[in-house]
Amino acid sequence: SSQVKAIVGPCSWEETSLVAQIATKNQIPLLSFADSTPRWARERWPFLIQASSSKSAQMKAIAAIIQSWNWHQVSVITEDVESSTKAVLQLSTALRQVNVQLVDVITLPPSSNPSLLSHQLESLKVRPCRVFVVHLSSSTALAEQLFRTAMDMKMLERDYVWITTHAFTSLLHTFHPSTISAMQGVIGVKGHFRETKPRYQSFSKRFRRRFSSAHPDESNHEPSIFAVEAYDAVWALALSLLRPSNVTGGQEDLLNKLLLCNFNGLVGNVQFTVQKAGSLNTFEVINVIGKSYNGLGLWTDGHGFSENTVGEEETATYFSSMRDIMGHVIWPGRPRYSPKGWTPSPISEPIIIGIPTESIFKQFVDIELDPVQNTISAKGYAIDLFEKAVEQLPFYLPYEFRAFNGTYNALVQQIYLKFDAAVGDIAIVTNRLPYADFTHPYTESELVMIVPLQSKKVNRAWLFTKPFTGSLWLLIFILNIYNGFVVWMIERDHCLKLRGSIGNQVGVMLSLSFTTLFTFQGLKLHSNLSRMALVVWLFMALAITQTYTANLSSILTVPKLEPAIDNVESIQMRRANIGYLKVTYVAKYLEEVLHFSPKKVKEYTSPEDSMRDLHEGVIAAVFMERPWAKILLARYCTGFTIAKQSFKVGGFGFAFAKGSPWLPYVTEALVKVTESGQLRDLEIDMIASQKCAGYGSSNPSLGADSFWMLFVFTAGTSTLALLMFMYWSEDELYDSSSSVVK
């Protein structure tokens, strides 16, 4: 051992852990190329140095790729070795950060036989997930056998996605052509370093020459990242050996000089901080096509995706999604579409969903039991909505409904023990949150009160003005004055009654303006212009008077209805009784929040009983969630309404087990169903057969907009007649003046 200055070369953690004990015992620096070295190992074996850069950031790159294509479930295939465990944990953490679920982890022995591989892959094939991440060591034998077996099992065809990690992808150029042929469409991630630097070009040229000389049968002579990192490690060792030693000398001095190394290597800056090299933060994304692969782009930690750059990475433009910069990806089977990442699987284990049998409103949940086949069929608004949401999920989710005969509180409490989720008109309330997590409410989050309708009290002294608005009355008055003025102006030279003093003429003009609404004096008019204006004027008057009569009759005969109670305070002032449907949290809310006396609060198990008592005056109001109130008012469509005052509550939602991976996806799916209008359609369908046209006609006052065209036509005709009259009068005056001059 006295002749050994340093040890270079273990490529896996398993090899490194075997050699590190010997190296430390003999105080010989050990430069390991294992991907990552645990902190405790560096403390236990102080002569151990991780010479290769850490590739842990590649897991973030893989998570970013998966997120770019909106895949939400991933299965991992890895080796049954200690180092793979840490890598899988890193990948799982990266996937959780982008809301992706790791559903399966298949571990393969380093020397797996074809039958074992087939068995393991079959367990993946029967599951719905179709996105596989392959993390294997630098041993190519297992990798080649894996993909050949997958091809034989038709798992490299359409709808499948395969992603390989750095250690696997960086050795693609060494694989047999038959293996490359089986890997068509595979996506890979490998460490990236700039290959345009003069120093690398010199190294690459010498490497290819020597490699081709030593291995003339090999077709690919390009150096891999493993060779480049080994070159940097040996260069660091050579520099340390050439550096002058201190007084003590020895192997410990060589270790200290190695730890002080700081130079620009082929991969990048080489510096062994805390006994390990720095991290590799840029990875190339490749796509296996034909006999080799195409580079799709780069991914840089902290920045995102960018195009392949020949120069400095600092000038690159980065994007968060792989789709934004990378060209067309060739997927396994060469489909024209991007894989969705899942497929229906008939043997997948379904999640168990509890549904209540005691739903007060069967329009939400209605269960039919088949005692012969021991099955149930469920229908209703909540059931239909859940099925619509499942259709929006980006993966296959098998489920099975199970009837639950008990209270809603008991149903939620059983989620952790008996069910995976619960669907129905389940209110989101505080005392249920310790037992389950809820989706966002899919209904209005309001507690309302149904109250009787009563006749509205109105001021009947001025009831005759109600058919028209004030603006319309004013417009009628102005237009009548104007039309009377036009007729008076045209007829005053032909009728002695229209002459006289100013007061007499004004009185005659006003009389003419309004008497024309009721009588027609067309035979006494002398000018066709005044007759033209008067005909249009009378047509307008006829339309207005008939409309006024019809609207006033409706106001007098049809009753106006309004809520008998507007707010809670009026109920409390009357000391009236109230009711609520059998829901525990509503009783608590009425007593503790609205401060009703328990003696004044009556519980109902039947909506029909509550509406009967409300009609008979036993109670003043019935409190319930707004969705229930809509159904009830659709059934009892006259005599009742919802009071204006309402109270914010949790609303209805679907309940899932604490920490359920399905919850965020179902919540997002509910938002999509809402935005697409399907939620509204389901609600309309639920109450359409019972929907009432209204609680009575409302007769709003008619405004000027109802007659504006008629007013414009009348005023325009009168104005035209006046202008023609004035024009002809000037001509007659001119002719008379000419005769006098002659």
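Here is a short tour of the structure, one selection at a time.

Before you click, know that this is a predicted model, where local features need pLDDT of at least 70, side-chain atom pairs count only at pLDDT 80 or more, and totals for chains, interfaces and linings use all residues. Residues are numbered from 1 along each chain as its sequence is written, and side-chain values use heavy atoms, with hydrogens and water left out.

**Stop 1: aromatic pairs.** Select Trp-69 and Trp-71. Rings of Phe, Tyr and Trp (its six-membered ring) pair if their centres lie within 6.5 Å; planes under 30 degrees apart count as stacked, over 60 as edge-to-face and the rest as tilted. By this rule there are 27 aromatic pairs. Trp-69 and Trp-71 are a stacked pair, because their ring centres are 6.2 Å apart and their planes meet at 20°. Both Trp-69 and Trp-71 are buried (under 20% relative accessible area; exposed is over 50% and partly exposed is in between, with a 1.4 Å probe and protein chains only).

Now go to Trp-628 and Phe-652. Their ring centres are 5.6 Å apart and their planes are at 50°, so this pair is tilted. Trp-628 sits in helix α20 (residues 626-635) and Phe-652 in strand β27 (residues 652-656), so the pair ties together parts 24 residues apart in sequence. Helices (H or I, at least four residues) and strands (E, at least two) are DSSP runs, numbered from the N terminus. Are Trp-628 and Phe-652 buried or exposed? Trp-628 is buried, with 5% relative accessible area, and Phe-652 is buried too, at 1%.

**Stop 2: charges over rings.** Select Lys-340 and Trp-342. The charged end of Lys-340 sits over the ring of Trp-342, 4.2 Å from its centre. Then try Arg-199, which lies over the face of Trp-235, at 4.9 Å from the ring centre. To count, NZ of Lys or CZ of Arg must be within 6 Å of the ring centre and within 35 degrees of the ring normal.

**Stop 3: a buried Asn.** Select Asn-287, in strand β11 (residues 282-289). Asn-287 is buried, with a relative accessible area of 0%. What does its side chain reach at 3.3 Å? The backbone oxygen of Val-186. Also show Ile-330: its backbone nitrogen lies 2.9 Å from a polar atom of the Asn-287 side chain.

**Last stop.** Select Leu-474 in helix α14 (residues 470-491). Leu-474 is exposed, at 52% relative accessibility.

Definitions and conventions:
A polar contact is a pair of N or O atoms within 3.5 Å; within protein, one must be able to donate a hydrogen and the other to accept it, and residues adjacent in sequence count only if both atoms are side-chain atoms.
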